[in-house]
Amino acid sequence: MRKVLVLILALSLFTVFFAKEQVLHIYTALDENEWPIYVNAFEKATGIKVQVVRMSSGELLARVEAESKNPQASVWFGGPALDQIAAKKKGLLVPYKSQAVEKVPAAFKDPEGYWVGIYFGAIGFVSNTQQLKQLGVEAPTSWYDLLKPQFKGRVSLAYPYTSGTAYTVLAALVAIMGEDKAFDYWKQLHKQIHHYNTSGSACVTQAGLGEITVGIAFAHDIITKGIAKGYPVVLTFPKEPTGYEIGAMSMIKGAPERDLAAKFIDWMLSVEAQNLMVKWNRIPINPDATVAPGAVRMQDVNVIPMDFEYFGEHKDRLIERWKEEIEYGM
Amino acid sequence: MNWLKQTRRLINEPLLLAMIVFVWALLIVFIVYPILMVGIKSFEPKTGVYSFDVYRALFSKKYFITPIINTLKLGIVVASISVLIGYIFAYSIAKVNVPFKTFFRTVATFPIISPPFVIALAAILLFGRNGIVTRNFFGGVPPFEIYGFLGLVIVETLAYFPTAFMTLEAILISISSDLEEASLSLGSSKWRTFWRVTFPLSMPGILSAWLLVFSQSMADFGTPLILGGRYHVLSVSAYLEITGSYRISYGSGLAILLLIPTLIAFFVQRYWLSRKSYVTVTGKPSVIKVLEPNVYVKVMFTAICATLVFAVFLFYGTVLFGSFTKLWGVNHKLTLENYKFAFTYNWKYIKDTLLLASIATPLCGILGIMIAYLVGRKQFPARRLMEAFSLLTFAVPGTVVGIGYLLAFNQKPLLLTGTALIIILVFVFRELPVGVQNGVAALYQIDRSIEEASLDLGSSSNKTFWKITLPLLMPAFFNALFTAFVRSMTAISAVIFVVSGRWNLITVRILGAVGNSDLSQAAALSYVLIGIVLLAMFFLRFVTINFSYQTKIRRAMS
């Protein structure tokens, strides 16, 4: 008996300490069902093994900050550039430049090379058509439509501090209305909210399931997780301008696997990789890549120009104000 | 000077001394130190600056006060309802001769061995705006708001009434029915007998069960994260403060506020109530005579039990059905796709969870038995303190343990974040009380004279341990292994703070899937987990039957 116990102990310790191999570790803000599309193709194309953890953008930022003395992952893959700009300001990223990055249009990358865009996405509304019919209202086409009494307790989105999507919404509202007016507006909106999620795209499925009537999310998530899946939902945009994101990736400071990370970033910018975005109805950054039919391009919607640098830098302050005045302020 | 004598004796037994030092070192590094770190961090709003700022904020800002009140309110309501239901259930099984006892009991314990958020998932599938019940019986208008206080009460009650039931059943069985018979034969009615005899005797058990459920509800993380809606509780607020905003000191402060009431509940329950037990000791073996009530009463109790069991079946059945549907709420075509998905894309999570829990479980069992042996059989200074510390993680909410590990092992020399080891350590020390308690209980039942006989016959104390005590402890050991394994497989609140890219767990994945409203996927993953737990249960039964000393004796005799 004693020998068996000792053997179990020795074996277990052995597996823990010596079972290490060279793999690339990635943190992603992409949907749990989406990231395997790219990562599996990358593994096949390069033979590099990849391990991925999925978190919402805000959680990802917090995790990278928490681990800054001992970074556990090399690449921050996906989610709005906003959060990565916030990370850059906090000194959590390291610049990366390569031929592949050079080719990306200047509007879609950091001039110093701290982050580079992968895709474009616009904020839209997802509405459950059956419930719209029941309530006798049209799908919202203005931010102010969300304040209609019929939608009371039926609107959902994520917390701006956990989700990049929701922070993009906050930033867009500030860009459209000015900061004080944007907060006044959200105070009205807060009364309509059913609940907040941690993940930005969760409200799409919830609208599809009819748990809520209207959700606020990125158009590509609405198309892929809502319309394409067969849920009774419709995608609309606010006629005042809407906000948008540059989905980005970056290299984490102190990256344990720098070379592999560089390979991944370069590969993600290739036409081969960017073509895969068709599957999630994203708009790829690479102009040579295929765009999914029906996907929402920048020229298809009225978007407000957004100063990402500003919103990245002021994230902490805006979030604090949001918590104080809106989440618990009322 | 008792302790002086004990210390002197210790010096003469270097092996024992080494063991005690070893255990103390582990307890201090992996239980006391992390919890202390949470406390210290809550006084350190900025690195290097110590002040009461955090607590000043916690008690002045509405966004901290609300969760504090919410948590207490939820805990009190859930504990009260659970104890009421648990008492009726236990009374039916222990005192009223209801039919299908074993069946009722087995079903009632089901929520204990399954992952806690499965019931929350079922609640959404049933009572959400698009749930089966809502759609088919209420025309799409939810009968009540499942996201929020009411939903939490229903789900947590269903999840935690088994705890109350088990505690109360043990108490009710231990109340000798002689007393009740005496009361009846002296002319009291059954109603009066219940209120004057049975109920007062079960009072300590009722309080005990109430405190246990109260702590469980306070510490619950998965359910409020899924179903809380805008009803914020401390465990979720602490989690969001840390993972959403990286305000670790505020998260720590919230965790401390969560810790205080649970610690109080634990010590009251363990060290005060256990002494006040009115268990009737008569000296002669008391036979449980079940009083045959009249038919109406019996039917009523059976109906109550059946309703509860139906609810449990309904909830678990819904999740099972959900795991085979293509797209819940829209397309209910049956498919195996979700399981295929679980075993391909999510295989890594399943594999990691199995591997880590399998490594942690034996370590936890061995350490637990070792501590139980020291505490139960040896005399040394601070023996009771060692027991208290080893049981501490029972009382400490997982959220506090998780934050503690995050803080304590994030820098040299104990840099463990991101490793498998940190998850294993969380499992080992979080489930340590299971091993200790099982071991101590078993040791009390083993008569010392058996060991003394071995010593008198010339065996060394070492040999006596390996040949006599350990084999007798084996059933308790295996039982502890099983419980620790199940609890590790289904744990969420502590480990969610220490998972990483290299090592992630299936429960975290399920929570993510629910958060993302991928309900069918979450349902399939939950059933994979339940399947593993059931397999482990059969494996345990096989092991205990084949390796227990009773079987060996039986074999030797035949």
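The secondary structure of chain A comprises 14 helices and 11 strands. The model is a predicted one. Along its principal axes, the C-alpha trace of chain A extends over about 70 × 55 × 40 Å. The radius of gyration of chain A is 21 Å, which agrees with the value near 20 Å that a compact globule of 330 residues would have. Of the 330 residues in chain A, 52% are buried. Among contacts in chain A with a separation of 6 or more, 76% are accounted for by residues 24 or more positions apart.

Chain A is divided into two segments-based units, namely domain 1 (2–120 + 246–296) and domain 2 (122–244 + 312–327). A distance of 27 Å separates the C-alpha centres of domain 1 of chain A and domain 2 of chain A. The contact between them draws 21 residues from domain 1 of chain A and 20 residues from domain 2 of chain A. On the side of domain 1 of chain A that touches domain 2 of chain A, two or more residues each are given by helix H3 (57–66), strand S3 (75–80) and helix H4 (81–89) of chain A. H4(A) provides the largest share of this side, with 6 residues. By class, the residues of domain 1 of chain A on this side divide into 9 nonpolar, 6 polar and 6 charged.

The contact between the chains involves 46 residues of chain A and 44 residues of chain B. On the side of chain A that touches chain B, the elements giving two or more residues are helix H1 (2–18), strand S1 (24–28), strand S2 (50–54), H3, strand S7 (193–197), helix H9 (202–209) and helix H14 (315–327) of chain A. This side of chain A has 18 nonpolar, 17 polar and 11 charged residues.

Within chain B, a helix pair was examined. Helix H7 (residues 117–127) of chain B packs against helix H15 (residues 295–323) of chain B at an angle of about 75 degrees, and their axes are 8 Å apart. H7(B) and H15(B) are therefore roughly perpendicular to each other, since angles of 65 to 115 degrees count as such. H7(B) contributes Val118(B), Ile119(B), Leu121(B), Ala122(B), Leu125(B) and Leu126(B) to the contact, while H15(B) contributes Phe315(B), Tyr316(B), Thr318(B), Val319(B) and Gly322(B). The residues of the contact of H7(B) with H15(B) comprise 9 nonpolar, 2 polar and no charged.

Positive phi values were also examined. In chain A, Asn281(A) has a phi near 55 degrees, a positive value in a residue other than glycine. Asn281(A) lies in the loop between helix H12 (271–275) and strand S11 (283–284) of chain A. Because 24 C-beta neighbours lie inside 10 Å, Asn281(A) counts as buried. In chain B, Ala382(B), likewise a residue other than glycine, has a positive phi near 60 degrees. Ala382(B) is placed in the loop between helix H17 (347–377) and helix H18 (383–395) of chain B. With 13 C-beta neighbours inside 10 Å, Ala382(B) counts as partly exposed.

Terms used: Residues numbered from 1 in each chain as written. Chains lettered and ligands numbered in written order. Predicted model: local features only at pLDDT ≥ 70, side-chain atom pairs only at ≥ 80, totals over all residues. Helix = DSSP H or I, 4+ residues; strand = E, 2+ residues; numbered from the N terminus. Buried ≥ 20, exposed ≤ 12 C-beta atoms within 10 Å, placed from the backbone. Rg over C-alpha atoms; globule rule 2.2 N^0.38 Å. Contact = placed C-beta atoms within 7 Å. Domains from an automatic or database assignment. Nonpolar A, V, L, I, M, F, W, Y, C, P; charged D, E, K, R; others polar. Axes fitted to C-alpha atoms, helices over the stretch in contact; angles between N-to-C directions. Parallel < 35°, antiparallel > 145°, perpendicular 65-115°, else oblique.
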